[in-house]
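Take a look at the sequence and the fold below. The report starts with the sheet and then turns to the cores.

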Amino acid sequence: MITTAIIDDNLVFRKLTKVLLKQSGIKEDNILLFSNGKEMYDYMQQHSNNVNILPNIIFLDLNMPVMDGWDFLNALQDFKRKYQYSPKIYVVTSSVDKKDYNSIIKIGNINGYIVKPLNNESLTSIINDNDL
């Protein structure tokens with residue numbers, strides 16, 4: 001079972017991405033929406049006893065209130081080590097700043113860097129690359 005998480009403070013982006021994921025064959029019940037990294041991190045903590053139900057793919061915005069994408073990625077590193085959790089991470093951002101891209105690449109274990117808007121072709125490519 002494939003579960004995806006969309007972490008973005010923009011409600012319209014979350015809902016549109018959910019529609020695109022459903023059109024790509026992902027079941028609605030397997031799409032989780034979070035408005036910031038803390039909501040997702042709290043969800044991960046609540047389900048740390050069974051990481052198999054956590055999202056396999058995470059679409060992550062960088063600039064959000066409460067816990068932004070950068071802080072989430074830092075927190076995720078510790079969680080991954082502690083619980084052997086290895087989701088595929090796709091950064092989806094409006095930032096075209098080369099420094100952001102280079103910083104993401106340095107973090108490692110990032111499966112893609114997508115500049116918004118996300119479209120059906122981008123999503124189909126991700127799904128095909130992950131044999132979803």
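In what sense do S1 and S2 pair, and over how many bridges? S1 and S2 run parallel, with four bridges between them. Two strands count as paired if DSSP finds at least two bridges between them. Strands (E, at least two residues) and helices (H or I, at least four) are DSSP runs, numbered from the N terminus.

This is a predicted model: local features need pLDDT of at least 70, side-chain atom pairs count only at pLDDT 80 or more, and totals for chains, interfaces and linings use all residues. Residues are numbered from 1 along each chain as its sequence is written, and side-chain values use heavy atoms, leaving out hydrogens and water.

The open sheet has five strands, in the order S2-S1-S3-S4-S5, with parallel pairing. Its edge strands, S2 and S5 (112-115), each pair on one side only.

Two helices pack on the sheet. Contact means heavy atoms within 4.5 Å. Axes are lines fitted to C-alpha atoms, for helices over the stretch in contact; angles run from 0 to 180 degrees between N-to-C directions.

| H2 | S1, S2 and S3 | about 130 degrees with S2 |

Now the inside. A nonpolar core is a set of buried Ala, Val, Leu, Ile, Met, Phe, Trp, Tyr and Cys residues joined through side-chain atoms within 4.5 Å. Buried means under 20% relative accessible area (1.4 Å probe, protein chains only). The largest core has 26 residues. Ile7, Met40 and Phe72 are among those touching the most other members. H3 gives the most to this core: five residues.

Technical notes: Buried means under 20% relative accessible area, exposed over 50%, partly exposed in between (1.4 Å probe, protein chains only).
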